[in-house]
Amino acid sequence: MPQHLAVETLGGGVRLITLQRPQALNALTTALLAELAQALAEAEADPHTQVVVLTGNRKAFAAGADLKEMAERDLTGILNDPRQSSWEQIRRFSKPLIAAVNGFALGGGCELAMHADIIIAGEDARFGQPEINLGIMPGAGGTQRLPRTVGKSLAMQMVLTGEAIDARHALRAGLVSEVTQPELVVERALQLARLIAGKAPLALRLAKEALLKAMDTDLASGLRLERHAFTVLAGTRDREEGIAAFQEKRPAQFSGH
Ligand code: CAA
């Protein structure tokens, strides 16, 4: 049983993971990250789970790496750090992942949100990479995902000043896709999750892979991957079902084949 998060299977192909270290604003200890990686691995292996929503609480999504733990850790061996394998496992999650963010998403917390495919933010959410204030820099993808998402200038500003941006700024910059009232964030994320969970699983997986590829490859390679994925999907039973359902004016019943 995880100690620092709650996992709920909600039906309709959706799982909700809630980070639960409120006393430390959900700061990401090594143990919490390992539990999250494990929870995602279980969601990945479960054929009934199509989409995962990840959230924190009203005050914090996650305030970054746990600084009390970090004060005691030798960071020079970071490449062999167990945290790295947890981050890698989180990165490899191949089903759609939605982050529902209220309050602070700082440092590793902002980087965790950026591992999600869609971020829904409450009006009071704050996104930032304050590591520079600690004499370090982002270490879980912040310097790579942030400029690819919000552009060079704002990414530089956030990382070099350590100052956070609010939800509306994050929306304008493309870091989040929607801003809602704080109390509606999880509900909106679950609504999207249920909508997505009804789609063809293989199409979801390949569409996610192709979209992520757009972040780190040249156009020609991305288009090749897209063509290949499209061809694979063209041969699936779900493609036949999708078109038959359209012609018969009924909802499609996808099987994942
Ligand atoms: N690690 C451990 N504990 C943390 C924490 C963190 N990152 N952030 C907050 N907490 C704890 C505080 O110590 C405090 O605990 P106590 O009551 O026991 O002292 C509790 O959470 C509440 O925090 P505050 O009293 O500070 O709350 P606040 O509302 O006044 O301020 C805040 C909120 C601005 C987020 C402030 O807590 C803060 O600046 N936190 C640190 C944020 C940070 O620097 N994150 C980056 C970490 S480095 C990193 O993330 C690198 C990486 O992953 C690779």
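Two strands are treated as paired if DSSP finds at least two bridges between them. Helices (H or I, at least four residues) and strands (E, at least two) are DSSP runs, numbered from the N terminus. This is a predicted model, in which local features need pLDDT of at least 70 and side-chain atom pairs count only at pLDDT 80 or more, while totals for chains, interfaces and linings use all residues. Residues are numbered from 1 along each chain as its sequence is written, and side-chain values use heavy atoms, with hydrogens and water left out.

**Four-stranded sheet**

- Four strands form an open sheet in the order S4-S6-S8-S9, with mixed pairing.
- Its edge strands, S4 (60–62) and S9 (165–166), each pair on one side only.
- Strand S8 (residues 126–128) runs antiparallel to S9, and two bridges join them; Arg126 has Asp166 in S9 as its bridge partner.
- Helix H4 (residues 108–115) lies across S4, S6 (104–106) and S8, and runs at about 95° to S6. Axes here are lines fitted to C-alpha atoms, for helices over the stretch in contact, and angles run from 0 to 180 degrees between N-to-C directions; contact means heavy atoms within 4.5 Å.

**Six-stranded sheet**

- A second topic is the open sheet of six strands, ordered S1-S2-S3-S5-S7-S10, again with mixed pairing.
- S1 and S10 (178–180) are the edge strands of this sheet, each pairing on one side only.
- On average, neighbouring strands of this sheet are turned by 20° against each other, direction ignored.
- H4 packs on this sheet and touches S2, S3 (51–55), S5 (97–101) and S7 (118–122), its direction making about 140° with that of S5.
- Helix H8 (residues 185–197) lies across S1, S2, S3, S5, S7 and S10, running at about 170° to S5.

**The S1–S2 hairpin**

- S1 (residues 5–11) and S2 (residues 14–19) pair in the antiparallel sense over six bridges.
- Two residues lie between these strands in the hairpin, and Gly12 in the turn has a positive phi of about 65°.
- Within the pair, Thr9 stands opposite Arg15 in S2, and Ala6 stands opposite Thr18 in S2.

**Ligand site**

- The ligand is surrounded by 20 residues, the closest being Lys59, Ala63, Ala65, Leu67 and Gly108; a residue is near a molecule if one of its heavy atoms lies within 4 Å of it.
- A polar side-chain atom of Lys59 lies 2.9 Å from an oxygen atom of the ligand, and a backbone N or O atom of Ala65 lies 2.8 Å from an oxygen atom of the ligand.
- A polar backbone atom of Leu67 is 2.8 Å from a nitrogen atom of the ligand.
- Taken alone, the ligand exposes 980 Å², of which the protein buries 63%; accessible areas come from the Shrake-Rupley method with a 1.4 Å probe.
- Helix H2 (67–72), S6 and H4 each supply at least two residues of the shell around the ligand.

Note on methods: Polar contact = N/O pair within 3.5 Å; in protein donor to acceptor, adjacent residues only side chain to side chain.
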